[in-house]
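Hi,

Here is the structure I promised to pass on. Have a look at it first, and then read on for what turned up.

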Amino acid sequence: MVAARIDPSLPPMEALSVAEIPAGPEWQYEPKWDGFRCLAYREQDQVVLQSKSGRPLARYFPEVVEDLARLPAKRFVLDGELVVPVGSALSFEELQLRLHPAESRVRKLAAAHPAWYVVFDLLQTERGTVLLDAPLAERRRRLEAFAARCFPAAERIALSPATRAHGVARRWFTDRHAGLDGVIAKRLDLAYQAGLRTGMQKIKHLRTADCVVGGFRYATAKRVVGSLLLGLYDQAGLLHHVGFTSALARESRPELTARLEKLRDRAGPRTPAGFSGGAPGGPSRWSTERTGEWEAVPPVLVVEVEYDHFSGGRFRHGTRLLRWRPDKGPSQCTFEQVRPAGSGALAMLDRRDRPEPGLSARPGPGVPP
């Protein structure tokens, strides 16, 4: 540990996806927050927010910059997550809306739903001591002291809970009312693993849903199907596009293509095709394998898919096809399957009056109820 300045291009620790929460005295557990990973740098009057990919974020979250500038410490580097509470839940959609080019729009959104910065690591102290080589156990101890001393001065800076008790972590993970994105496990004995996945693991919720196939996209070559377009019915009986799955076995694609094309060609006035509610837009911005055009099919096929997160009326990422469900009627595929089970994530940030056994720290005042 030395007094120096951390380069703002420092990549944050990454997490390795695993299926089970690891057990043992070498692990610390934290909630997995549904937000934007963010490193926060302060040097006197200058505050820098940087995303995991190195993108500057300060202009999109001016209220967080103002809160960090209120802290009595004039120098620090923190690792944490930007989140936006809406009511008692966290809204990833409101986070995404912040990435807007117009400052007036950003200010309006910030006033309506202010963002919070949930902190889980301290990389540089107010005295300039760099903690990158210190084990997590020491960094956490120093972070708790820093939070107790500094966070009461801010409105929306919170310390993320942490525990060394596997049972507590398991309860966080299985409590459907918590509304968390999963659990993070970190090695207490390791230094900060910048850019690596060797010191941190993430355990995310994987869920399943039955969806109607409302259409498909061809692969780039337009010879075989590239992805299935998935839909769910609302209470009014309208079928809305909610995502896609491209996890199709290569050997089955020719046969599936023929089946879908035959179904498409049977569509007509008595057998309408496609989505009666929200329809697909263009191709995914991350994809180069699918075209923007899509082919509508009558909503008669049902598939069961695995997904990790559903918000804003869509599966956040692509889904994995588990099986076809000929035993399921399309009308059974409703939004009720993906309704959030709970919205208590924010309550985990306010443990002052309700301490949780196994938690190693409590946040300062100013945390939302």
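How many bridges join strand 18 to strand 21 (residues 320-324)? Four, and the two strands run antiparallel. I'll come back to that part after some housekeeping.

This is a predicted model, so local features need pLDDT of at least 70 and side-chain atom pairs count only at pLDDT 80 or more, while totals for chains, interfaces and linings use all residues. Residues are numbered from 1 along each chain as its sequence is written, and side-chain values use heavy atoms, with hydrogens and water left out.

**Overall picture**

The protein has six helices and 21 strands; these are DSSP runs numbered from the N terminus, with helices being H or I of at least four residues and strands E of at least two. Of its 369 residues, 50% are buried. Buried here means under 20% relative accessible area, exposed is over 50%, and partly exposed is in between, using a 1.4 Å probe and protein chains only. Taking contacts (heavy atoms within 4.5 Å) with a separation of 6 or more, 72% are between residues 24 or more positions apart.

Strands count as paired if DSSP finds at least two bridges between them.

Strand 3 runs antiparallel to strand 12, and five bridges join them; W27 stands opposite R187 in strand 12.

Helix 5 (residues 166-174) has V168, A169, W172 and F173 as its buried residues. They sit on the same side of helix 5 because they cover an arc of only 140° around the axis, the arc being that of the directions from the helix axis to the C-beta atoms. What covers these buried residues includes strand 3 (27-31), strand 12 (182-187) and strand 13 (200-204).

**Aromatics**

The structure holds nine aromatic pairs. The rule is that rings of Phe, Tyr and Trp (its six-membered ring) pair if their centres lie within 6.5 Å; planes under 30 degrees apart are stacked, over 60 edge-to-face, and the rest tilted. One of the pairs is F36 with F92, edge-to-face at 5.5 Å centre to centre and 90° between the planes. That pair links distant parts of the chain, with F36 in strand 4 (residues 36-43) and F92 in helix 2 (residues 92-97), 56 residues apart. F36 is buried at 15% relative accessible area, and F92 is buried at 11%. Another pair, F146 with F151, is also edge-to-face, at 6.1 Å centre to centre and 90° between the planes. F146 is buried at 1%, and F151 is buried at 1% too.

Y307, F310, F315 and F335 form one aromatic cluster. On the charge side, R316 lies over the face of F92 at 3.6 Å from the ring centre, and R259 lies over the face of W324 at 5.1 Å. For this, NZ of Lys or CZ of Arg has to be within 6 Å of the ring centre and within 35 degrees of the ring normal.

A search of the whole structure finds zero disulfides (a pair of cysteine sulfur atoms within 2.5 Å). C38 is buried at 0%, and C150 is buried at 1%.

Lastly, G226 is in strand 15 (residues 225-233) and counts as buried at 7% relative accessibility. Leaving aside neighbours within four places in sequence, G226 is in contact with R217, Y218, A219, S246, L248 and R253. G226 and L248 are 22 residues apart in sequence and 7.9 Å apart in space, C-alpha to C-alpha.

Cheers
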